[in-house]
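Thanks, everyone. I'll take this one quickly, starting with the strands and ending with the helices.

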Amino acid sequence: MALQKIDIRKEFPYPVEQLFGFLSVHKNLEAIFVPARIDRVRDGVDTPDGLKSVRRLRILIAPAFEETVTLFRENERIEYRITRGSPLRNHHGVMRFSATPEGSVLHYTIEFEGKLPLIGPLVRAALNRGIRQGLDKLRL
């Protein structure tokens, strides 16, 4: 199966602390993963939604799956992997945050492979479109 990659860079008029503070909360990710329902199922080691925390995502009729935060650097970077219940494998998501004179930048990359043919490209297209639309509508 071919590696799929999503690469999004989006500027915001908000300070990096505000953008990170919002997007680091699992429940708030519903704003960019519409129409997903997201719930924290395990707290992180230092903060509820931080390192080693686990969130469950439910998207329409698809089975729920879980993501685990594998790296958490406040106001800089969040990394996560799907750890249960997905038609994807080798999934790795990275959100990088940086300050700009006008606000902040989110550089969001996701890489994965589909477990079955055509799953990867279909998921990539839907995720890429959905995340971009969600980020374009984001207001803090």
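One definition before we start: two strands pair if DSSP finds at least two bridges between them. Keep in mind that this is a predicted model.

Now apply that to β3, residues 54–58. Four bridges join β3 to β4, and the two run antiparallel. Here is one of the contacts in that pairing: arginine 55 has glutamate 67, in β4, as its bridge partner.

Step back to the whole sheet. It is open and has seven strands. Read across, the order is β1-β7-β6-β5-β4-β3-β2, and the pairing is antiparallel. Which strands sit at the edges? They are β1 and β2, the latter spanning 37–42, and each pairs on one side only. How much are neighbours turned against each other? On average by 20 degrees, ignoring direction.

Next, the helices. Take α1, which packs on the sheet. Its direction makes about 155 degrees with that of β6.

Look at its residues, 16–23. Val16, Leu19, Phe20 and Leu23 are buried. What do they pack against? Five strands: β1 (4–12), β4 (65–73), β5 (77–84), β6 (88–100) and β7 (103–114).

Then α2, residues 119–137. This helix lies across β1, β6 and β7. Relative to β1, α2 runs at about 5 degrees.

To recap: an open, antiparallel sheet of seven strands, with α1 packing on it and α2 lying across β1, β6 and β7.

Note on methods
Residues are numbered from 1 along each chain as its sequence is written. This is a predicted model: local features need pLDDT of at least 70, side-chain atom pairs count only at pLDDT 80 or more; totals for chains, interfaces and linings use all residues. Side-chain values use heavy atoms; hydrogens and water are left out. Buried means under 20% relative accessible area, exposed over 50%, partly exposed in between (1.4 Å probe, protein chains only). Contact means heavy atoms within 4.5 Å. Axes are lines fitted to C-alpha atoms, for helices over the stretch in contact, and angles run from 0 to 180 degrees between N-to-C directions.
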